[in-house]
Amino acid sequence: MSTLTTPSKEKKRKSYASNQEVRWCPGCGDYTILKQVQTLLPTLGVEPENIAFVAGIGCSSRFPYYMDTYGIHGIHGRAPAIATGLKTSRPDLSVWVITGDGDGLSIGGNHLIHSLRRNIDLNILLFNNEIYGLTKGQYSPTSQKGHISKSSPQGSLDNPFNPLSLALGSRGTFLARTMDRDPKHLQKMLERSYQHKGTSLLEIYQNCIVFNDGAFEPYTNKATRNKTSLYLQQDQPLLFGENNRYGVRLDGLKPVVVDLQEEEVSADELWIHDESDKTKAWLLTTFFENNFKDNLLPRPFGVLYSEQIPTYEEQLQIQIEQAKERHGKPDLEKLLKGNDTWVVR
Amino acid sequence: MSVIEKHKKVVTVRFSGDSGDGIQLTGSQFSNTTALSGNDLSTFPDYPAEIRAPAGSVHGVSAFQINFGSQRIHTPGDSCDVLVVMNAAALKANITSLKPGGIIIANMDGFGKKDLALARYDKTSDPLGDAKKSGFQLIKIDVTKLTRESLKDTGLSTKEMDRSKNMFVLGVVYWLYNRPLDPTIEFLTSKFKSKPEIAEANIKAMKDGYSFAIATEVFSERYTIEAAPIEPGSYRNITGNDAVVLAIASAAQTSDLPVFLGSYPITPASEILHGLSKLKHYGITTFQAEDEIAAITSAIGASYGGSIGVTSSSGPGVALKSEAIALATMLELPLVIINVQRAGPSTGLPTKTEQSDLFQALYGRAGDCPVAVLAARSPADCYAMTYEACKIAVEHMIPVIMLSDGYIANGAEPWKLPEVKDLYAIKPPLYRPAENGSDASPFFPYSRNEDFVRPWAIPGNKKTIHRIGGLEKEDQTGNISYDPDNHQHMTRMREEKRDAIAKKIPLQTIDEGPDQGPLLVVGWGSTYGSIKSAIMEAREEGYAVSFTHLKYLSPLPLNLGDLLSRFDKILVPEINNGQLIHVLRDTYQVQVEGFNKVRGQPLKVHELKAAIIEEFS
Ligand code: SF4
């Protein structure tokens with residue numbers, strides 16, 4: 001699918017945009033994400049009345065107001081739980097969760113991990129900007145350790161979450177990473193998230209131009225990104241760098257970066273990406289610690305893991321059918337009576 | 001010696017023993033048989049607070065009290081006439097609930113040295129002897145030995161035989177109150193269908209207990225309790241929690257709406273989750289959430305999708321839900337919150353009762369956040385009030401808090417079965433314009449009807465696409481609005497919507513006594529039975545006291561102020577440190593006195609009666 005915006009595509013995109021004025025800071029990464037979602041939806045074959053966006057609190061969580069679909073702007077951190085009730089009771093709807101690093105990983109961390117393990121068919125978009133934007137710039141649970149912010153003038157002491165490791169540890173069945181600065185990849189990942197039946201977690205590196213500008217600069221800057229970003233492709237070797245100069249090889253369970261210009265390494269010795277391989281997915285999520293500084297492992301973008309297992313609501317439907325089969329039609333009179341009744345005359 | 005047959009009007013029996021002794025089953029069997037015999041009754045199980053308290057210890061004692069009679073019964077009884085104790089710990093834990101001169105039926109095999117030590121009685125003490133000296137009648141039975149003797153030919157192990165001890169005792173008590181054995185025989189046969197040898201053993205132990213009572217003449221008196229004058233109809237016994245479950249199932253049927261229960265296990269509310277999870281074929285989805293907040297917010301999500309969202313919990317859990325209750329107030333979606341109150345604050349006394357969450361229900365949220373608050377007055381009334389909560393939530397698009405408590409949630413009483421066809425309708429304000437119709441008028445999610453209720457438009461309809469959220473909304477459109485006048489207006493609308501419910505609820509009536517006079521007692525919630533009994537006794541003694549009981553706490557009945565003004569004095573008994581009393585003072589500027597007990601137990605009738613009489617001195 002092309003991401004180019006033709007006039008007719010633009011018209012379709014607008015049909016998913018509400019009449020509300022979008023109120024993010026100029027230059028905020030949220031705009032691209034909104035645009036890509038609005039561009040993607042008309043291509044999916046789902047009518048807007050069958051789509052619901054559910055959000056918590058934070059800059060990104062204003063998202064539902066800007067979509068001309070059904071939507072709930074909930075309370076801080078609770079979007080996955082609200083969406084769980086909506087999707088479980090209305091499996092016919094396409095339900096999207098919009099959350100941020102503070103909303104989804106701090107105050108709402110509990111709901112995020114539990115929806116992942118239940119595998120409810122939700123598309124969770126985690127806008128990670130490594131900062132609290134709406135409350136004007138405190139460090140977040142994904143801020144780098146030592147981050148200087150309003151609430152951490154001497155640097156934050158917390159180790160940041162590794163969101164995708166956390167998600168995999170929560171038995172997430174679809175984990176992907178993308179960034180606002182690569183709209184084409186972003187849209188592809190949105191589509192993959194939608195296609196996945198079960199909870200999909202898409203972490204989107206989103207630049208907060210006001211309070212944490214450049215947080216993902218190493219991965220987005222033309223000069224550095226080749227060296228720091230690894231774009232995953234199914235069945236393809238892990239390659240990155242200018243002209244795919246570097247590859248990743250597995251030495252036992254240890255990922256090793258190899259310089260293909262310097263070393264004699266054949267293609268089949270390299271790590272071939274397989275989304276369904278949980279062990280490899282686990283290793284991929286650990287390509288994380290400040291790797292660009294030390295010329296170490298690149299940060300993977302794309303689908304790290306994908307596994308198709310029955311969703312929560314599918315299994316619930318089966319239980320409902322079983323109950324109907326076992327007990328037949330509801331008989332309220334019988335239910336009220338219970339087992340022991342007596343008659344007073 | 002021959003046995004004297006006597007008639008009694010009201011009797012209270014308390015079974016007690018170790019939590020492994022099957023006390024609750026014994027009690028519920030005795031209750032069912034009593035109900036089938038036509039008596040009115042009220043029961044209260046008293047569970048140990050600790051699940052795995054050491055066997056034989058006072059902490060591990062489980063009790064079950066039943067009050068029954070040939071007249072109307074409103075409480076499980078302040079104290080009992082007969083106390084069954086299976087061991088020394090049970091005696092220690094329960095002797096204070098026995099009336100002076102009452103009967104102790106003691107299993108002597110539970111009073112060995114080891115049992116005394118476990119119950120922390122002094123080694124040299126003789127608690128049963130002491131009890132006898134203080135005027136109680138003591139009936140000693142070697143229950144363990146006799147049960148083993150009774151079952152010696154069954155081939156069961158000693159351990160298995162000992163499990164039938166409770167049935168032996170039940171047989172004895174059945175004889176004492178002239179009860180038929182058939183209902184329990186039927187029950188045991190069906191319960192142990194797959195293990196007929198266990199059913200047989202239990203039945204034999206019970207029959208032998210009955211015969212033992214005849215043969216040995218352990219009692220000098222035997223009692224008959226005539227049937228009570230009960231309104232004709234079909235009845236069953238019901239606990240408050242079961243009644244909540246049935247009411248929700250009923251509301252699902254009459255409203256033709258799916259129900260979504262989001263819940264997190266908590267004592268004493270978990271039975272509601274258990275009960276509803278068995279009713280998937282009634283269009284009821286239950287979701288055991290990761291926490292209290294997810295429990296309620298998932299229910300809100302489901303409400304947006306067109307279900308009746310329900311969440312059940314107890315006070316500490318409801319505290320965690322308060323932000324979400326406020327969200328539902330802003331979203332103006334139907335939401336039913338069942339709070340089975342327990343003694344607080346904090347973890348408090350989880351298995352003990354209290355009605356101290358009234359303030360929480362009325363006020364415990366950020367912002368001006370009016371919701372409807374109802375309270376059930378008895379186990380069976382949990383049905384009526386939960387049904388009413390569903391109706392108000394749906395028809396008025398508002399969160400409704402239904403207050404129950406541990407006492408009525410676990411306690412049971414006979415319930416006259418409603419006629420399904422007589423259940424009043426629940427009419428959701430669903431708005432579903434024809435999608436292909438020519439009507440192009442825009443949809444206003446925050447327009448209102450004459451009761452200030454907004455339309456409920458659920459996803460799936462092209463013409464009603466809209467977003468809602470916790471931010472203040474513009475009147476009509478529901479768009480975000482920071483306009484000061486709009487906020488003023490919307491705050492007022494939310495309150496007027498809640499207040500408009502008052503037009504739909506019954507006017508307050510006097511339950512006992514004249515509609516004016518020197519003293520009015522005002523109760524709410526589970527204290528109904530105790531207050532009613534105290535009032536009736538005081539009135540019989542000539543005191544001109546009246547009684548009214550509130551089931552609607554927010555909004556209050558429209559005529560309540562007028563009703564209160566016709567009395568010289570108002571007394572408000574509550575199982576809290578004084579909450580309704582403030583509401584009445586605040587709302588009606590009336591002089592009110594409180595009668596407040598917080599011992600984790602229902603109000604004692606005799607104490608309340610004394611307080612009422614005191615008002616006349
Ligand atoms: S504060 Fe940051 S994240 Fe929030 S809208 Fe502005 S730029 Fe975007």
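The residues that line the largest pocket of this predicted model divide into 16 nonpolar, 18 polar and 10 charged, where Ala, Val, Leu, Ile, Met, Phe, Trp, Tyr, Cys and Pro count as nonpolar, Asp, Glu, Lys and Arg as charged, and the others, Gly among them, as polar. Because the model is predicted, local features need pLDDT of at least 70 and side-chain atom pairs count only at pLDDT 80 or more, while totals for chains, interfaces and linings use all residues. Residues are numbered from 1 along each chain as its sequence is written, chains are lettered from A and ligands numbered from 1 in the order in which they are written, and side-chain values use heavy atoms, with hydrogens and water left out.

**The two pockets**

A pocket is here an open set of points, on a 1 Å grid over the protein atoms alone, where a 1.4 Å probe fits and protein lies on both sides within 12 Å along at least five of seven lines; lining residues have an atom within 4 Å of a point. Grid points are joined across faces, edges and corners, and the volume is the space filled by probe spheres set on the points.

| Pocket | Volume | Lining | Nearest the centre |
|---|---|---|---|
| Largest pocket | About 1800 Å³ | 44 residues | Gly338(A), Asn339(A), Arg236(B), Asn237(B) and Asp242(B) |
| Second largest pocket | About 990 Å³ | 39 residues | Arg377(B), Ser378(B), Ala380(B), Asp381(B) and Trp415(B) |

To the lining of the largest pocket, two or more residues are given by helix 12 (332-337) of chain A and by several elements of chain B, including strand 3 (40-46), helix 8 (182-191) and helix 10 (240-255); helices (H or I, at least four residues) and strands (E, at least two) are DSSP runs numbered from the N terminus. Helix 1 of chain B provides the largest share of this lining, with seven residues. Domain 1 (4-224) and domain 2 (236-422) of chain B each contribute at least three residues to the lining of the largest pocket, the domain bounds coming from an automatic or database domain assignment.

In the second largest pocket, the largest share of the lining is six residues from helix 16 of chain B, and the elements that supply at least two residues each are strand 3, helix 16 (381-396), helix 17, strand 16 (412-416) and helix 19 (528-540) of chain B. By class, this lining has 20 nonpolar, seven polar and 12 charged residues.

**Domains of chain B**

Besides domains 1 and 2, the assignment for chain B gives domain 3 (433-504) and domain 4 (517-614). The C-alpha centres of domain 2 and domain 3 of chain B are 25 Å apart, and their contact (heavy atoms within 4.5 Å) takes 23 residues from domain 2 and 25 residues from domain 3.

**A helix pair in chain A**

Helix 3 (residues 79-89) and helix 5 (residues 109-118) of chain A pack at an angle of about 40 degrees, with their axes 7 Å apart; the axes are lines fitted to C-alpha atoms over the stretch in contact, and angles run from 0 to 180 degrees between N-to-C directions. The two helices of chain A are therefore oblique to each other, since angles under 35 degrees count as roughly parallel, over 145 as roughly antiparallel, 65 to 115 as roughly perpendicular and the rest as oblique. Pro80(A), Ala81(A) and Thr84(A) of helix 3 meet His111(A), Leu112(A) and Ser115(A) of helix 5 in this contact.

**Backbone details**

The peptide bond from Gly344(B) to Pro345(B) is cis, with omega near 5 degrees, and Pro345(B) lies in the loop between strand 13 (335-341) and helix 15 (358-363) of chain B.
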